[in-house]
Amino acid sequence: MEFKVNARYISKGETKTTNSFENQEFNLALTHTGERVKLDIKVKEPVEFEKLEIYTDFDYDKSCRIFTNGYQSWTVSREYTPNSSMSEFNPKFMGINKKNFNPLGMWGAGDLTFHQYPEKRGVFYGYSYGYVRKGGDIFLFGSLSEKAGYTIITFDANAFKVYIEKDLQGVTLENDKTLLELALIENSYEKAFDRYFEMMKIPPVRVDRKCGYTTWYNYYTNITQEIVERDLKAISQLNNKVDIFQIDDGYQRTVGDWLITDEKKFPDGMKAVSDSIHQKGMMSGLWLAPFAVTPKSYIFKEHKDWLVTDEKGKYHYASQNWGGFYALDIYNEEVQAYLEKVFDTVLNQWGFDMVKLDFLYACCIRPIHNKSRGEIMCDAMDLIRKWCGDKIVLGCGVPLAPAFGKVDFCRIGCDMALDWNKKPFSREDVSAVNALTNTIFRRHLDGRAWLNDPDVFLLRENNIKMPMSQRKIIALINSILGNLLFVSDDVSTYTDEQKEIFTRAVRKRDTSVESADFVSKNIIKIKYSIDGAPHVFTFNLHRGEVLQQD
């Protein structure tokens with residue numbers, strides 16, 4: 001492949017553009033050896049890139065499928081046909097300028113405040129890696145490191161081009177540096193991803209398939225020690241072994257004050273809860289959003305200097321959740337000391353075996369300290385792994401590539417909705433359809449980057465707005481393509497049928513997927529085997545209807 005360059009940059013206060021690898025401010029050296037492309041910069045004058053991309057010709061045809069990986073855990077990720085549009089499958093935002101109209105950080109969970117969304121047919125973009133599939137073979141473009149900045153990959157089937165862009169916003173380059181390391185791999189689907197993760201030198205996954213319970217999808221923040229003890233007792237009495245019992249949001253006084261438990265809801269404290277879980281023979285899990293702080297928190301009131309600010313010194317909202325929350329500056333030494341204490345308390349004093357770490361993207365909501373968003377996220381994941389030691393980490397709301405090999409389980413889709421027909425507000429919003437889409441099309445990460453968490457399947461009859469037929473679809477797909485199988489039900493209400501569905505979904509077995517793709521616009525066919533026996537499952541994604549199950 002022959003690559004060309006396109007850049008827009010600022011040097012000595014002047015904005016310039018170039019299509020040359022060499023000029024008076026810098027030289028770019030591109031080397032292409034085998035499956036690896038590398039882009040280095042030799043800096044002559046300090047330079048800030050507003051846009052830096054290399055691009056090459058690519059031969060698309062009508063039968064190919066194009067996969068783009070969304071910005072973070074929750075972002076829609078799927079295969080597209082070359083004549084389709086990303087806007088067909090995602091909410092339309094009616095031309096709202098997300099940079100100027102962003103109350104309480106309402107667009108903060110995604111990338112729309114810093115990357116322009118293509119709204120025309122034939123143009124598709126994503127982060128860190130993507131591929132073009134022709135039959136069972138793929139051509140994979142994959143960043144080998146996001147340390148310099150996020151890698152944005154755009155497939156333009158109209159122009160027959162692939163663009164590889166680095167997000168270097170907010171970074172002034174003064175020294176020589178490697179800006180891009182890219183893998184170019186052409187092989188079968190499975191072998192291409194095996195090779196990609198081999199090239200990244202990601203360590204082997206150190207956990208196995210687990211099942212469990214989380215409080216979130218039945219009670220949300222309205223949890224109490226009484227509810228936890230009741231559901232703990234019920235799930236411990238199931239015939240099959242349950243591995244993990246997780247306490248989600250609602251135990252703490254407010255987001256950010258992780259060591260201040262709500263004493264009215266949990267009068268005996270969190271160590272007592274963890275001990276109770278252990279007494280039932282399960283691992284205990286606890287939810288935190290370590291980089292998030294609400295205005296109600298002690299941290300916000302007493303340590304405003306810990307927060308990420310914008311160029312005007314204004315505290316920068318990371319998202320609208322909890323009425324809007326701010327992000328901690330991970331490079332502040334006091335912040336690091338505080339979070340180290342939080343993790344030590346949760347994991348070593350309270351005795352929790354697993355932490356679910358959510359809204360992790362918040363730490364890189366904007367570039368700070370002359371570091372790109374990608375570098376900040378990579379540094380944050382290194383800190384998390386150091387603080388958690390050998391304890392189990394479940395990542396969530398995190399840009400994926402910086403978390404490769406740093407977490408044990410990871411959410412690879414958005415939150416599961418209680419209603420199949422619930423329409424998402426954004427590409428990261430709660431949605432059953434989008435959650436299943438990501439479970440299917442990010443299946444290649446399972447067993448390579450971590451074990452995939454497809455989010456919950458729910459079997460209860462109360463507090464849910466989908467029929468059992470749709471609940472069974474979710475349970476089946478999660479079971480085939482996921483390896484962290486959680487429910488959020490009071491299982492004491494389960495019928496014998498519900499118990500059987502649960503047991504069938506969570507049991508350990510030898511499962512492999514031959515293929516999973518759209519056979520028409522809304523119809524997905526999955527060919528798979530369980531313990532050597534072949535199966536086919538076809539369903540209408542948007543209607544939640546089973547069409548074939550063999």
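**View 1. What covers the buried residues of helix α11.** Among the elements that cover the buried residues of α11 are β15 (210-214), α10 (468-481) and β25 (484-487), where contact means heavy atoms within 4.5 Å, and buried means under 20% relative accessible area, with a 1.4 Å probe and protein chains only. These buried residues of α11 (496-506) are Q498, I501, F502, A505 and V506. Seen down the axis of α11, they fall within an arc of 115°, so they line one face of the helix; the arc is that of the directions from the helix axis to the C-beta atoms. Helices (H or I, at least four residues) and strands (E, at least two) are DSSP runs, numbered from the N terminus. This is a predicted model, in which local features need pLDDT of at least 70 and side-chain atom pairs count only at pLDDT 80 or more, while totals for chains, interfaces and linings use all residues. Residues are numbered from 1 along each chain as its sequence is written, and side-chain values use heavy atoms, with hydrogens and water left out.

**View 2. Helix α6 and its surroundings.** Helix α6 (residues 333-349) has 17 residues and reaches 23 Å from its first C-alpha to its last, close to the 24 Å expected at 1.5 Å a residue, a span computed as 1.5 Å times one less than the number of residues. Its buried residues, including Y338, L339 and F343, pack against β17 (283-288), α5 (298-302), β21 (354-357) and α7 (373-388). After α6 comes G351, whose phi is positive, near 90°.

**View 3. Helix α9.** Helix α9 (residues 432-441) is mostly covered, with 10 of its 10 residues buried.

Methods. Buried < 20%, exposed > 50% of the residue type's maximum accessible area, 1.4 Å probe, protein only.
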